[in-house]
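Subject: Handing over a structure

Hello,

I am passing a structure on to you, and you will find the sequence and the model just below. After that come my notes on what turned up in it.

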Amino acid sequence: MSAIRFDSLVKQYGKQAAVNNLSATIQAGRITGFLGPNGAGKSTSLRCLVGLAKPTSGSAKILDRDYRELENPLTQVGTVLDSRGFHPSLSGRKNLQIVAASAGISDSRVDEVLELVELTQAAKKRMKNYSLGMKQRLSLAGAILGNPQILILDEPANGLDPAGIAWLRKFLRAMADQGKTILVSSHQLAEMQNTVDDVIIINRGQLIASGSIKDVIGEGTLEDAFLRLTEGAN
Amino acid sequence: MLALVKSEWRKLLFVRANWGLLIAATFISALSVAVAPFILDAGEAGALLGLGIDQTAAIDATYANGISGYIFAIILGIMMMAGEFRHGTAVATFLTAPRRGIVLTAKLAVAAIGGLLMMLISTGISLIAGYVVLLGFEDAAQPSENLFVNTMIAAAISGAVLGVIGVAIGTLIRNQMLAIVGALVYLFVVDPLLLALWPDTGQFLPSGLITAMLSIDISAPELGFDTTDYLPALTATLVLLGYGAVFAFIAIATSLRRDID
Ligand SMILES: Nc1ncnc2c1ncn2[C@@H]1O[C@H](COP(=O)(O)OP(=O)(O)OP(=O)(O)O)[C@@H](O)[C@H]1O
Ligand SMILES: [Mg+2]
């Protein structure tokens, strides 16, 4: 069953097409890596998917619906984007309490997710004083606040130290073991190779390859395949 | 909807800058009430207006300064909306509630409550400050009968309306600094200029409307400013709300449709 579907998605900024006719499906209950060089259009595709950017044409749907049509979306989809939606001068806890209130989620759940991402110690610290990795954990805490079945993560490993990356790996595994669908973009190919079930590779807004990681890699490593595929397209 | 109102309410209370606005509004209005008797008593200014501290009109005018914090109600509204774009919290806000019109409605409601409370507090404290200061003037006259009640009503209504207008401005102009500076420049420079150039239309311009609204039942020509040409308070309030509605409508139809990054 497909959880997420991009259908001929086009997003144009001026003359430049950031996403150019992207069609792809993400299977439910699997981890899908969303890969591509800098500027390939990953973040843009994900923004269209969650309704923050309006597609120029085509569509990006979750559970066959526009994000905007989802009932209380936080309980169905958790999102981490490259821009974090948190107020710098509020504590991590208060930031999450604001989000929780609007989704009808209790404050005790806020403390629960802070514990899950190991931020309890820093919960009362202002967000602007967080390290990069702590901010990333806070974003992840926000994504799982509503205990959603689908996670959309744009470079969640960004800024994490080795211990943080190991932690994130465990975190994603645990989420996957609960049967969640995860769409995760990353540049850490070695890490992705060990984590994901499927991959989607795009370059210059266009789909280059998609399928199970085994099929896409063939011989060698994910990095080999990635470089071969993205170079060939240039 | 109730959940969104609760969330907006939390934003209002959690963000310290909002408390700063409340303090600033209280300080400015209390100060302007507290110094007025001294200016009147100094003779020259009072004589210029033909008013002395022993006249009811002068005392009324003194207390009327208690609503001077209204500009902070607009700034509060602007910051509630434009601040979301400034700090990027708009992303979290609209991920949680992707139907933007409903979010805006909740925000407008909370801005109205916030502006109302801000004005009630700052005006209330100012009236008390004025009362205390006037105790020191033995020949001070009594204020007119319903002055305190009418001033508080004017404060409440103006606070709510201006909070709403602030949000509408912040939706249209996402740059918080630009929105605030723009609102101030408009109110204190452009609007008076238009008023000077075309006096007849003045009563329909925001400043004229705000003044008219603030002067609910406490305006009197002998106070030195002639508000006889202004619209009745209720009409002014409605016209101003009309402006707010038009702004909010334009905002929903244009700015709120734009991408959020
Ligand atoms: N708001 C915008 N206005 C104009 N151009 C944009 C905007 N957002 C993205 N772009 C352009 O769209 C293209 C795709 O950007 P996008 O952020 O989606 O890439 P990405 O795959 O996420 O890259 P990275 O790996 O560096 O995060 C880039 O050329 C970028 O400059
Ligand atoms: Mg990106």
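Two strands are said to pair if DSSP finds at least two bridges between them. Please keep in mind that this is a predicted model.

With that in hand, let's start with a sheet in chain A. Three strands form an open sheet in the order S2-S1-S4 (chain A), and the pairing is antiparallel. Strand S2 (16-27) and strand S4 (57-62) of chain A are the edge strands, each pairing on one side only. On average, neighbouring strands of this sheet are turned by 15° against each other, direction ignored. Strand S1 (residues 2-13) of chain A pairs with S2(A) over nine bridges, in the antiparallel sense. Within this pair, Lys11(A) stands opposite Val19(A) in S2(A). A helix also packs on the sheet: H1 (residues 42-49) of chain A touches S1, S2 and S4 of chain A. The direction of H1 makes about 115° with that of S1(A).

Next, a pair of helices in chain B. Helix H5 (residues 70-87) and helix H6 (residues 89-96) of chain B pack at an angle of about 105°, with their axes 5 Å apart. Angles of 65 to 115 degrees count as roughly perpendicular, so H5(B) is roughly perpendicular to H6(B). From H5(B), Met81(B), Gly83(B), Glu84(B), Phe85(B) and His87(B) meet Thr89(B), Ala90(B), Thr93(B) and Phe94(B) of H6(B). By class, the residues of this contact are four nonpolar, four polar and one charged.

The largest cavity holds about 190 Å³ of space. It is lined by 16 residues, and closest to its centre are Thr79(A), Phe86(A), Gly142(A), Ala92(B) and Leu95(B). Strand S5 (77-80) and helix H4 (132-144) of chain A, together with H6 of chain B, each give two or more residues to the lining. H6(B) gives the most, with four residues. The lining has nine nonpolar, six polar and one charged residues.

The second largest cavity has a volume of about 100 Å³. Its lining has 13 residues, and Ala157(A), Leu168(A), Leu172(A), Glu191(A) and Met192(A) lie nearest its centre. Helix H5 (162-177), strand S7 (181-185) and helix H6 (189-195) of chain A supply at least two residues each, and H5(A) has the largest share, four residues. Seven of the lining residues are nonpolar, four polar and two charged.

Enjoy exploring it!

Best wishes

Conventions:
Residues are numbered from 1 along each chain as its sequence is written. Chains are lettered from A and ligands numbered from 1 in the order in which they are written. This is a predicted model: local features need pLDDT of at least 70, side-chain atom pairs count only at pLDDT 80 or more; totals for chains, interfaces and linings use all residues. Side-chain values use heavy atoms; hydrogens and water are left out. Axes are lines fitted to C-alpha atoms, for helices over the stretch in contact, and angles run from 0 to 180 degrees between N-to-C directions. Contact means heavy atoms within 4.5 Å. Angles under 35 degrees count as roughly parallel, over 145 as roughly antiparallel, 65 to 115 as roughly perpendicular and the rest as oblique. Ala, Val, Leu, Ile, Met, Phe, Trp, Tyr, Cys and Pro count as nonpolar, Asp, Glu, Lys and Arg as charged, and the others, Gly among them, as polar. On a 1 Å grid over the protein atoms alone, a cavity is a set of points where a 1.4 Å probe fits but cannot get out, and a pocket is an open set with protein on both sides within 12 Å along at least five of seven lines; lining residues have an atom within 4 Å of a point. Grid points are joined across faces, edges and corners, and a volume is the space filled by probe spheres set on the points.
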